[in-house]
Amino acid sequence: MTEKSRNSNQACRKWFSHACSHIVILGIILSIGIYSCQQPKTQQHFTEKAKSSARHFVKTTIKYAKGFDIKYVGDYKIVQILNHSAQKTDTTQFVLIQRGNPAPAGFKKSQIIEIPVKKLIGMSSLQIAMADFAESPDIITGLNSLMYVNSPAVRKNIKAGKVKEVGEEGSINTEVIISVHPDLIMAMGNPSASLSRYQTIENAGIPVLLISEWLESTPLGRAEWVKLMAALLNKEELVDRKFAVIEKEYNRLAELGRKAGDKPLVIIGMPYKGSWFVPDGTSFMARFFKDAGADYSWADIKGTGSMPLSFESIAPIALKADYWVNTGTVNTKAEIAAADERYTYFKPFKNNTIYNFNKRINDLGSNDYWESGVVNPHLVLSDFIKIMHPELLPSYELVYYKKIL
Amino acid sequence: MKDKIQLYDEYVNGAIGPVKKFIIGFLILFILVFFMLDIALGSVAIPFKEIVKIFFSSGSDNEAWIYIVEKIRIPKAITAVLVGCGLSVSGLQMQTLFRNPLAGPSVLGITAGASLGVALIMLSAGSITSLYTIQALGISGSWLIILASSAGAALIMMIIVAISSALRDNIIMLIVGVMIANITLSIISIWQYFSAPEQIKEYLLWTFGSLGGVTEHHLQVLAIVIVIGLFISFASSKLLDALLLGENYARSMGLTVNRARILIICSTSILAGSITAFCGPIGFIGIAVPHLARSLFNTSNHRILIPGCCLIGTALMLVCDIVSQMPGSQTALPINIITALIGSPVVIWVIVSRNNLRGF
């Protein structure tokens with residue numbers, strides 16, 4: 001039972017006892033009559049209101065993303081966050097109801113979200129990008145950290161004091177969150193992980209939605225999570241239109257990249273003390289490489305994101321690789337040599353073909369690659385094609401990537 | 001009767017009987033074989049003939065193989081030897097000094113001190129590492145971590161030495177050491193609590209321990225430091241024997257107990273501190289190997305136990321390193337997981353089956 005229906009019930013009972021005390025004889029029959037017919041009346045009123053708002057939204061369909069689904073049932077929407085493990089698929093269900101509507105029956109175990117969401121707390125920079133994409137940056141009223149922000153609109157709101165800092169996951173400031181009382185908290189997380197760290201917040205009646213966009217196996221699937229934001233904002237039409245443009249552009253570029261004659265060998269990431277975490281073949285990064293016309297040595301390994309490899313199993317490939325991308329926090333060749341002088345033997349180091357995604361780091365040290373990069377897969381792909389097949393995009397300028405010297 | 005005299009001779013005076021000669025010979029052979037195996041086995045399959053060719057003449061048709069053997073496997077195997085010797089000897093010294101079978105290199109807070117230095121660099125990345133003074137020194141990357149770690153270990157060591165010269169009781173010293181370690185670790189926890197996830201991940205990877213991060217240049221420094229530390233240990237084996245009989249007895253033998261104690265603490269700090277700096281905190285070896293040595297050599301004489309610890313520690317580290325590589329697979333497990341996983345059952349088996357844990 002939601003807050004709203006509980007309140008209306010209480011109001012009914014009050015009225016009931018009030019009537020009893022004044023009109024003793026008629027009271028019982030009359031009040032029961034009114035009590036019982038008041039309910040359908042209100043519901044009818046709500047249904048009419050919902051019908052009018054239901055007309056506003058276009059139904060979106062999910063084409064690439066595997067981690068969530070949206071269903072439209074009457075005047076409400078059902079969002080399912082899917083967790084694909086080896087044998088089964090776990091589902092966490094959220095019911096999106098139009099603001100002011102009662103919750104539909106039969107969803108006792110689901111969290112209820114009132115839409116359009118007006119106050120959102122985001123626990124990662126991805127939520128900023130999603131809100132920006134849906135052209136509603138003002139809904140961001142709380143963030144895990146105010147340092148990692150690129151969106152000019154959100155930064156303006158931070159300056160004006162409209163955005164609260166709620167702390168990193170694991171050390172979140174529950175009191176600040178409850179005082180902001182957002183319509184929703186969106187956090188990054190594995191859908192199979194327990195929600196326990198947000199239990200207090202859920203008990204306070206604030207729904208928590210875990211986003212696992214990083215588990216998607218295609219860049220478009222990852223970007224498609226903006227459609228979830230669209231459903232939360234009743235902005236399906238706008239987001240669908242914008243996403244279609246990106247989709248078309250990405251597919252055009254991917255065709256271009258995949259047709260490229262030579263496939264340069266690429267390595268990714270930065271090893272640490274003998275272990276090297278690399279994305280596996282089912283990760284969206286491997287798909288980027290495929291679409292950019294690159295040869296990625298671990299494209300056939302199935303997994304759930306990344307895997308730790310030993311230094312020596314990568315060394316033979318690194319020694320003859322053509323390109324080395326995503327060196328992370330390392331920004332110069334001198335730093336690579338200082339981390340481990342053995343890396344200086346790699347061919348990309350000798351040929352100056354190391355690229356990192358650090359071109360769009362702002363004055364606060366926040367990297368836009370993690371923010372807008374997620375919803376702009378066509379730009380990331382363009383960067384990769386420009387790096388590995390410069391002749392295919394002669395006039396293009398790198399957006400997120402920069403050569404390391 | 002003669003047997004009993006011989007046993008006593010072996011147990012107290014450290015005479016080397018035929019059984020011990022056999023054990024020592026076997027251990028040396030074992031180490032040679034496993035040193036070669038450690039170089040021969042790994043994620044990438046390289047024919048043994050090629051390994052031998054690269055090892056002795058450093059030539060092969062496959063450049064990647066030369067790189068793997070020369071730059072990755074040989075430094076790692078040598079590191080395993082140094083770590084095996086250093087940690088077990090420093091553990092032995094701590095057990096003798098505190099006359100406590102659960103003491104180890106980490107008991108004085110030296111390892112925690114090294115961790116403090118590393119945490120300072122890693123968890124404050126972006127503020128400390130970009131400090132102008134550090135950049136001006138031209139130190140960055142791995143050397144910066146090693147320096148910070150050594151400085152942290154040295155800081156805690158100085159505190160310990162200062163306290164130990166004021167305290168006469170070893171048990172109180174032990175408690176103080178454990179408490180200092182706790183203080184240091186909670187300071188690190190506070191940092192971790194307020195750090196970004198990727199920084200915590202980097203620090204966590206460091207705490208797993210690794211032999212693979214030691215390059216040729218590091219190895220030269222590490223080897224020199226370990227040899228100095230071991231030399232001090234060998235030189236103080238008589239002091240250790242005397243301490244084992246109790247401090248009063250040692251004093252009556254004309255030993256300046258305090259000076260001996262500081263010497264032992266210094267050599268332990270050098271050994272444990274430098275290894276932690278280069279490889280991260282590697283657990284278990286320091287506690288377990290001394291027990292194995294006492295049990296196998298059936299003696300409490302440090303002139304036997306110190307080289308014995310070196311041999312057993314080296315053998316165990318080599319085995320652990322081979323297993324952690326999981327030959328044939330592309331992944332490698334952190335060494336810390338393996339040392340405890342393989343080592344603990346070995347210790348239980350040896351101690352229970354021989355039932356002769358003595359020396360305390």
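Figure 1. At 1.5 Å a residue, the 24 residues of H15(B) should span 34 Å, and the end C-alpha atoms of H15(B) are 33 Å apart, which agrees. The expected span is 1.5 Å times one less than the number of residues in the helix. Helices (DSSP runs of H or I, at least four residues) and strands (DSSP runs of E, at least two) are numbered from the N terminus. Of the 24 residues of H15(B), 21 are buried, so this helix is largely enclosed by the rest of the structure. A residue counts as buried if 20 or more other C-beta atoms, placed from the backbone, lie within 10 Å of its own, as exposed if 12 or fewer do, and as partly exposed in between. B:Met326, with a positive phi near 45°, follows H15(B).

The model is predicted: local features need pLDDT of at least 70 and side-chain atom pairs count only at pLDDT 80 or more, whereas totals for chains, interfaces and linings use all residues. Residues are numbered from 1 along each chain as its sequence is written, and chains are lettered from A and ligands numbered from 1 in the order in which they are written.

**Figure 2. Helix H5 of chain B.** The 14 residues of H5(B), residues 110–123, should span 20 Å at 1.5 Å a residue; the end C-alpha atoms are 20 Å apart, which agrees. H5(B) is mostly covered, with 13 of its 14 residues buried. In chain B as a whole, 46% of the 360 residues are buried, and the chain has 16 helices and 0 strands.

**Figure 3. Confidence along chain B.** The average pLDDT (the predictor's confidence in each residue, from 0 to 100) of chain B is 81, and 87% of the residues score at least 70. Confidence is highest in H15(B), at 92, and lowest in helix H6 (residues 132–136) of chain B, at a mean of 47. Over residues 126–139 of chain B the pLDDT is below 50, and this stretch has 11 contacts in the model beyond near neighbours in sequence. Two residues are in contact if their C-beta atoms, placed from the backbone, lie within 7 Å.

Figure 4. Strands pair if DSSP finds at least two bridges between them. S5(A) (residues 120–122) and S6(A) (residues 140–143) run parallel and are joined by 3 bridges; A:Leu120 has A:Ile140 in S6(A) as its bridge partner.

**Figure 5. Strand S10 of chain A and two partners.** S10(A) (residues 265–268) runs parallel to S12(A) (residues 295–296), with 2 bridges between them, and A:Val266 stands opposite A:Tyr296. S10(A) also pairs in the parallel sense with S14(A) (residues 323–325), over 3 bridges; here A:Ile268 stands opposite A:Val325.
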